[in-house]
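Please read the points below alongside the model, which they take up region by region.

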Amino acid sequence: CTACSKGQYQGSTGQSECIECSVGEYSSSEEATLCSACSPGKYALNRSSSTCSQCSKGKFSSSGASSCTKCPVGFITNTLASSACSACSAGKIASYEAASNCTACSKGKYQGSTGQSECLDCQVGEYSSFEEATFCSACSPGRHSNKTSSHNCSACSEGQYQGSTGQSGCIDCGVREYTSSQEATFCSACSEGTSSLVGSAECYLADEGYYLIPPINRIVSESCPAHTTCLGAFYSPIPDQHYWLDHSDIQHLDDVYKCSRDTCAKGNNNSDCWNINHFNKTRCLDIQCTDGARGPLCSSCSKGYAFSNAQNKCEPCDAASLSSYIVFGVMLFISLFLIISYYALEKREGSSLVSQFIASVDPGSLKVLWVTYQIIYLFSEYSVP
């Protein structure tokens, strides 16, 4: 009788042929009476196998397998001839089949469960600063994260704050508030007399009703002088109508004088002359004056203007000339009236009465009368600028 070769068997007597081992089975010796199933982690792909092959890394098999099975996503095997796959631990993943190793989640990501195929992004307001994280941490007060997958939180900048945990942004300090430090959890109120804009790191403005004392980098605020209006910010005091502020030097912003003439106008709130950052004593001196007036206390008239005592202000010279003619005309009319009256009286009473009147007139009195007329003419209406 002929012995059955490897990969074959015959379990009965008086047989004429041997039987091939099925797939998943083998016989490793001649004259076998049966085939053995491949052990777990091995396989026999073909019939008549004399040995079983080992499953490669990333694959596994059970007993009597004709092929190996890939480990599913989230599972691995990193040894040969594995009978089962292992789940990736929390903080790690296997994103493809037949993986032999798990991959750690990168910074900014996490995975809290086992056997997973992908890492999860940390949400806004959260972060993870190390690999293989199983959870994300919330940003602490004073810090924020405004994007997903952050591996750290950013500190709130100066002028901003955040008082809660797990926030995506910082909040600007409001008007009259400030914070000069980073990572602030609250804003402080400006001291009395000072103010700030939204998102300020310091109170560098004057509050309404106050003004800053120069130099500008000295953050000291004074209350508004009498007879002025203080808009705050960088504005100097603005004088009320009939008052004048010494704008010749930035150190004299609290020197306010009452004007004796109606040439001092209320300051124009819209002019940058009142902004101490744009201080210009030459250009801004006369902004407090009415049209035609200039100089300290607006006491002088500009070229082309003359002062009117009647109006108590400067008026254009054309108006002055017209008024002068009116005065002269009135005086001339009075003079002509007196002359005509004299002649009428002479004709009716005779020459002796007029002669006596003329003889009684003192020449010195006439001179005084003429000088008086000149004074009235020159000063009753207008004075020289």
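In which strand does Y178 lie? Y178 lies in strand β21, where strands (E, at least two residues) and helices (H or I, at least four) are DSSP runs numbered from the N terminus.

1. Basis of the values. This is a predicted model, in which local features need pLDDT of at least 70 and side-chain atom pairs count only at pLDDT 80 or more, while totals for chains, interfaces and linings use all residues. Residues are numbered from 1 along each chain as its sequence is written, and side-chain values use heavy atoms, with hydrogens and water left out.

2. Overall make-up. The secondary structure of the protein comes to 4 helices and 35 strands. Of its 385 residues, 29% count as buried, a term that stands for under 20% relative accessible area, with exposed meaning over 50% and partly exposed in between (1.4 Å probe, protein chains only). Among contacts (heavy atoms within 4.5 Å) with a separation of 6 or more, residues 24 or more positions apart account for 40%.

3. Surroundings of Y178. With a relative accessible area of 26%, Y178 is partly exposed. Leaving aside neighbours within four places in sequence, Y178 is in contact with C173, C187, S188, A189, C190, S200, A201, E202 and C203. For A189, which is 11 residues away along the chain, the C-alpha atom is separated from that of Y178 by 6.5 Å.

4. T194 and S221. T194 is found in strand β23 and is buried, its relative accessible area being 6%. The C-alpha atoms of T194 and S221 are separated by 6.2 Å, although the two residues are 27 apart along the chain.

5. Largest nonpolar core. A nonpolar core is taken here as a set of buried Ala, Val, Leu, Ile, Met, Phe, Trp, Tyr and Cys residues joined through side-chain atoms within 4.5 Å. The largest has 10 residues, namely L205, A206, Y210, Y211, L212, C230, F234, L245, L253 and I276. As general background, nonpolar side chains tend to be buried together in soluble globular proteins.

6. S236 is found in the loop between β27 (228-229) and β28 (238-239), and S236 is buried, because its relative accessible area is 2%. Not counting residues up to four places away in sequence, S236 touches Y211, T229, H247, L253, W274 and I276.

7. Aromatic pairs. The structure holds 2 aromatic pairs, where rings of Phe, Tyr and Trp (its six-membered ring) pair if their centres lie within 6.5 Å, and where planes under 30 degrees apart count as stacked, over 60 as edge-to-face and the rest as tilted. Y204 and F234 form a tilted pair, at 6.1 Å centre to centre with 35° between the planes. This pair links distant parts of the chain, since Y204 is in the loop between β23 (194-195) and β24 and F234 is in the loop between β27 and β28, 30 residues apart. Y204 counts as partly exposed, at 24% relative accessibility. The rings of W244 and Y257 have their centres 6.3 Å apart and their planes at 40°, so this pair is tilted. W244 is in strand β29 (residues 243-245) and Y257 in strand β30 (residues 256-258), 13 residues apart. W244 counts as buried at 5% relative accessibility, whereas Y257 is partly exposed at 38%.

8. Positive phi values. Most residues other than glycine have a negative phi, and two residues deserve a check on this account. R176, which is not glycine, has a positive phi near 65°; R176 lies in the loop between β20 (171-172) and β21 (177-178) and is partly exposed, with a relative accessible area of 39%. L297 has a positive phi of about 55° although it is not a glycine; L297 lies in the loop between β31 (293-294) and β32 (300-301) and counts as partly exposed at 30% relative accessibility.
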